Amino acid sequence: MKKIISIALIASIPLMAQVKEKIEVPYIPFPIKMGKGFDSVQANCLMCHSFGYIINQGRQSRTFWSSKVKKMIVHFKAPITEKDAKTITNYLFEHYGNGKEK
Amino acid sequence: MERRDFFKTALTAAGTVAVGSNPLEAAQTHQPIDDRKVSDINFPEKKPLITYSDRPPLLETPRSVFTSPLTPNDQFFVRWHLPDIPTLIDPNKFTIKIDGLVHKEVEISLNELKTKFEQVEVVAVVQCGGNSRSAFSPTPGGIQWGSGAMGCAKWKGVRLSDVLDRAGLKENAEWLGFNGSEKAAYYETPDFVRELNLHELDDHVIIAYEMNGEDLPYLNGYPLRLIIPGYYSDSWVKMLSHITVSDKYKHLFFMEKAYRVPDNETEGETPEKLYSKTKPITKMNVKSLIGFPDDRQKLYLKSQVVVRGVAWDSGVGIQNVLVSIDGGKTWEKSLLDNGENGRYAYRTFRYSFKPKKLGKMTIMSKAVNNLGKEQPLDADIPWNRGGYKYNGIDTITVEIV
């Protein structure tokens, strides 16, 4: 096998950063569906991620959405109340569900 | 699979527009969904790309880009895990810290890395483990990527081993934890730390500051990124600022729960019967992608068509890319580039033919590596809950007019 890493012993001049000011990541208005429970979704989910994260998961079962909400609470430590977790799961299943409980 | 069935699958997949309305109910793997349009909004230093999320940013490269050996920086895919990415980094102040089981804790500045260490380069493919996830059915959890959560670049930087030598590893050093500068919204959320075993890492692993002759783009991990040729991108930590050496594996969330596949021979399972033992995805399998023509492109009868694409694996090396224009009945060798970018890079292929019949036709590509491993048919790839490691024979449908 040929030598994979070619070695350049150059005392290179540090490159200038291409970004010299603060970068701005654009806001994308993802077309999230309105409906019962949306307020809880907006208040809780948007803290950490865009609506794009929700709508680009594909249609999923109630169990899937419920375990996703649990994952946010247990692993990502999102302070979502039990009541909100239920509301959010219902919302997600209604609008982004595949009709299957499991 | 019969050609007709195949046709049906390919067309259904191509006709699926919005994510979240997957009409494919059958539990069979199919072609990934690749007809998503680029956004009309660009991200910093990027051309408009297929946009799944702005926070954290998730951007996919359109497949037509995959005809060239190196993926342009401004079209390179983006995948972050945590929402708060520093928006300004002073290259004169940025340092990387190495601590834990070392003889001397060190903080090395960016300028020192560029001037006090041997500078090395490697051309390597970086691919998300969930690339092409939209091929799986039932829909696994995760972003429903098409085929473009990947790219190939020439990375320049310094060897990880040289940097570790500067700190001096203690005898019982066994694991390395890599952490970037991005943060979660809540303090309690675990950092996106990746743990790698020392023995997995060879001299091809580098800490890069340059990508295709330019500073790393912000969204690709400026100013430093861990480069692990042959491995999926989950451990290519961006904005790398901290390496902790330890003797024990720490069972961190992102290691234990994410980027894992069933630990059995086929790496498969079913939604009804999930396989309990799992393993990290680590090395990439053999795969190819047709960059031209585009799926559902119209091609002129009797015109000379040159099919172009890329093939790669974990660094074993590509032996052949076979192309079929009759639905998989017969396969012919394509022409490969001379391989000058090395075994971790894309190998570009091309295949010329003249369409002789009007109507729809399929074009398929199948890569074979130097160990004789080849891409399976999409339908033969078993499902896994994370939707990882899809590498089906690439198939597009064109129309001859």
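**Entry 1: β2 of chain B and its partners**

I began with strand β3 (residues 78-79) of chain B, which runs antiparallel to β2(B) and is joined to it by two bridges; strands here are DSSP runs of E with at least two residues, helices are runs of H or I with at least four, and both are numbered from the N terminus. Two strands pair if DSSP finds at least two bridges between them. I noted that this is a predicted model, in which local features need pLDDT of at least 70 and side-chain atom pairs count only at pLDDT 80 or more, while totals for chains, interfaces and linings use all residues. Residues are numbered from 1 along each chain as its sequence is written, and chains are lettered from A and ligands numbered from 1 in the order in which they are written.

**Entry 2: the five-stranded sheet of chain B**

I then followed an open sheet of five strands with mixed pairing, in the order β5-β4-β13-β8-β9 of chain B. Because β5 (106-109) and β9 (193-197) of chain B stand at the edges with a single partner strand each, one side of each is left without a neighbour in the sheet. Neighbouring strands are turned by 20 degrees against each other on average, direction ignored. Strand β8 (residues 175-180) of chain B pairs with β9(B) in the antiparallel sense over five bridges, and G177(B) stands opposite E195(B).

I also checked helix α3 (residues 160-167) of chain B, which lies across β4 (95-100) and β5 of chain B and runs at about 135 degrees to β5(B); axes are lines fitted to C-alpha atoms, for helices over the stretch in contact, and angles run from 0 to 180 degrees between N-to-C directions.

**Entry 3: the two domains of chain B**

I took domain 1 (95-280) and domain 2 (287-400) of chain B, with bounds from an automatic or database domain assignment. Their centres, taken over C-alpha atoms, are 29 Å apart, and 26 residues of domain 1 of chain B are in contact with 20 residues of domain 2 of chain B, contact meaning C-beta atoms, placed from the backbone, within 7 Å. On the side of domain 1 of chain B that touches domain 2 of chain B, β6 (119-127) and β14 (260-262) of chain B each supply at least two residues, and β6(B) gives the largest share, four residues.

**Entry 4: A379 of chain B**

I located A379(B) in the loop between β23 (359-369) and β24 (394-400) of chain B. A379(B) is partly exposed because 16 other C-beta atoms lie within 10 Å.

Note on methods: Two residues are in contact if their C-beta atoms, placed from the backbone, lie within 7 Å. A residue is buried if 20 or more other C-beta atoms lie within 10 Å of its own, exposed if 12 or fewer, and partly exposed in between; C-beta atoms are placed from the backbone.
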